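Here's a quick briefing to read alongside the model. Have the sequence open while you go through it.

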Amino acid sequence: MTMKTFDLRRFTLRLLLVVLTGITSSMAAADMSTLEEVILDLKEECAGYIQDGTFKGKGVSNYSLDDDYFYVGDGAVESFLISRTGRVAHLFSRHETLCADSAMNEYCGSSGCEYSLIINDNVFTLRGRSVEVVESSVGPVLLVGRAGANCGPYSNAAPCVQAHVWDEDNQSLNRMGN
């Protein structure tokens, strides 16, 4: 191997690293801007409650839009790999946000809470009691804990799981279970 060949390989590796870093950071930037949009939409919803003076049946007239009326908790956003290609997903937990000191989880109940799953600039809505990622032979699988009535033709309270897998080719979230 000559010195020229070694330098060319080094240059090629550096160029590849720069290109991959640029692609990855632009994908991450798209993910983050979409996540920011989801959070801003929720903040605007909260601002509407403040302007109307009522949130969840209680008066919020003591809050103003100049105050800290909206809070995103430390555990509200979780990031993880959703594919073997290194695709990153962000899970935003709506119930980890506060509007006028009350959780913004109006729709939590026996079916669980609402989550926004952000992959690229796609936002998928999930509903469940818990969300976790497990590694399998097909890659990462997102498991959403559901009440039994959501997972079959019979109404029962036994818990079940809905499984989601990211399809990199079609840029879609495939689901198993109701």
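A residue is called buried when its relative accessible area is under 20%, exposed when it is over 50%, and partly exposed in between (1.4 Å probe, protein chains only). Keep in mind that this is a predicted model: local features need pLDDT of at least 70, side-chain atom pairs count only at pLDDT 80 or more, and totals for chains, interfaces and linings use all residues. Residues are numbered from 1 along each chain as its sequence is written, and side-chain values use heavy atoms, with hydrogens and water left out.

**Overall picture**
- The protein has one helix and 13 strands (DSSP runs: H or I of at least four residues for helices, E of at least two for strands, numbered from the N terminus).
- Of its 178 residues, 33% are buried.

**Salt bridges**
- There are three, taking a side-chain nitrogen of Lys or Arg within 4 Å of a carboxyl oxygen of Asp or Glu.
- Glu45 pairs with Arg94, with the closest N and O atoms 2.8 Å apart. Glu45 sits in helix H1 (residues 3–52) and Arg94 in the loop between strands S5 (88–93) and S6 (97–99), so the bridge ties together parts 49 residues apart in sequence.
- Arg94 is buried at 13% relative accessible area, while Glu45 is partly exposed at 28%.
- Arg87 and Glu168 meet at 2.2 Å, N to O; Arg87 is buried at 10% and Glu168 partly exposed at 23%.
- Glu114 bridges to Arg127 at 3.3 Å between the closest N and O atoms, linking strand S8 (residues 113–119) to strand S9 (residues 122–128).
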